[in-house]
Amino acid sequence: MSFSARMSESLEQALTLPLYPDSKYILFSDCHRGDGRADDNFLKNELVYLAALSYYEKAGFTYLELGDGDELWENRSIRTIREMHPHSFEMLEKFNRKKRLYMVYGNHDMVKKDWKQQRLWPGAVFCPGIILKDSLGKKNLFLTHGHQAGIMNSTFWKVNRFLVRYLWKNLELAGVPDPTSAAKNHKRKEMTEKRLETWAAEHHMILIAGHTHRPMTGSAESPYFNTGSCVHPAGITGIEIENRRLALVKWAFGTDDGQMVCVKREVLGEQVRLDDMA
């Protein structure tokens with residue numbers, strides 16, 4: 001199956017949610033929640049993540065996770081991940097109870113296709129993509145992980161999972177990066193982004209993805225956005241959709257006026273008006 005066919009399949013199977021003028025969505029991806037060991041890259045940012053989720057839950061946002069939320073290539077069981085990060089899962093459950101939690105699965109948590117069997121969050125929705133249908137009829141948004149751009153991370157994801165679990169996981173601890181990863185291989189990252197950007201332009205649709213871990217803001221000429229990740233050393237990034245505007249945001253530790261350590265929200269670059277994208 002070609003890249004275009006894989007994207008079309010995800011689009012056809014996508015969940016549709018409404019995008020009203022007063023809709024509020026927060027998009028994160030690539031949390032890679034792990035089991036707390038040395039290779040758990042989420043652990044260092046968990047307090048920042050919790051502060052951000054608390055802010056969005058109280059402000060009435062709906063949480064959309066665009067894949068690789070849990071690191072289920074390096075880890076076999078979601079139970080050990082949940083036991084290591086109980087506060088994060090409790091916060092996500094708050095969104096779920098209010099029916100404001102939707103999760104896209106990526107290559108590292110592809111097993112969520114069968115999530116109903118695990119019953120981690122009864123009633124939670126897991127899907128290959130989400131369409132935000134514009135109530136004003138101007139332009140819809142398609143949200144997906146973005147792993148469809150590479151055949152080893154989509155069609156042959158089980159092979160890649162085997163290699164990560166038994167080969168690259170140990171080599172990375174010794175400082176050798178995984179060459180198959182779009183997040184760690186520069187050429188593969190650029191190829192992935194180019195494919196996603198071209199697909200979005202050809203289909204006249206705003207595309208928001210994750211996977212490469214590189215946050216990006218689109219434009220009318222390039223309708224491709226990327227949430228970034230929650231495992232960057234300097235904090236976490238995501239995309240807010242509010243008042244028909246898309247804002248790339250960063251949450252990180254900082255200091256207040258009294259030089260006390262706190263978690264700060266920062267808008268990166270200019271916000272993008274949906275009406276300018278139509």
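Buried residues make up 53% of the 278 residues in this protein, where buried means under 20% relative accessible area, exposed means over 50%, and partly exposed lies in between, with a 1.4 Å probe and protein chains only. Before I go on, this is a predicted model, so local features need pLDDT of at least 70 and side-chain atom pairs count only at pLDDT 80 or more, while totals for chains, interfaces and linings use all residues. Residues are numbered from 1 along each chain as its sequence is written, and side-chain values use heavy atoms, with hydrogens and water left out.

Overall shape, then. A compact globule of 278 residues would have a radius of gyration near 19 Å, and the protein agrees with that at 18 Å; the radius is taken over C-alpha atoms, and the globule rule is 2.2 Å times the number of residues to the power 0.38. The C-alpha trace spans about 55 × 50 × 35 Å along its principal axes. The protein exposes about 12,900 Å², of which carbon and sulfur atoms supply 52%, by the Shrake-Rupley method with a 1.4 Å probe, where for residues only the protein chains shown count as cover.

The protein has 7 helices and 13 strands. These are DSSP runs numbered from the N terminus: H or I of at least four residues for helices, E of at least two for strands. Of the contacts with a separation of 6 or more, 67% are between residues 24 or more positions apart, a contact being heavy atoms within 4.5 Å.

Next, charges. I count 13 salt bridges in the structure, each a side-chain nitrogen of Lys or Arg within 4 Å of a carboxyl oxygen of Asp or Glu. D70 pairs with R33, the closest N and O atoms being 2.8 Å apart. This pair links distant parts of the chain, 37 residues apart: D70 is in the loop between strand 3 (62-66) and helix 3 (78-84), and R33 is in the loop between strand 2 and helix 2. R33 is buried, at 0% relative accessibility, and D70 is buried with a relative accessible area of 0%. D70 also meets K112 in a salt bridge, at 2.8 Å, N to O. Here the partners are 42 residues apart, with K112 in the loop between strand 4 (101-104) and strand 5 (125-127). K112 counts as buried at 1%.

Another bridge joins D276 and R273, at 2.7 Å, N to O. D276 is partly exposed at 46%, and R273 is partly exposed at 33%. Salt bridges that share partners join D134, K138, R244, R273, D275 and D276 into one network.

Which buried residue has no salt bridge, with K44 as the nearest side chain of opposite charge? That is D40, and K44 is 7.6 Å away; Lys and Arg count as positive, Asp and Glu as negative, and His and the chain ends are not counted. D40 is found in the loop between strand 2 (24-28) and helix 2 (46-58). Leaving aside residues up to four places away in sequence, D40 touches H32, R33, G34, D35, M84 and H85.

Last, the cysteines. The structure holds 0 disulfides, a disulfide being a pair of cysteine sulfur atoms within 2.5 Å. The sulfur of C230 has its closest cysteine sulfur in C31, 3.7 Å away, which is too far for a bond. C230 is buried at 0%. For C262, the closest cysteine sulfur is in C230 at 19 Å, also too far for a bond. C262 counts as partly exposed, at 22% relative accessibility.
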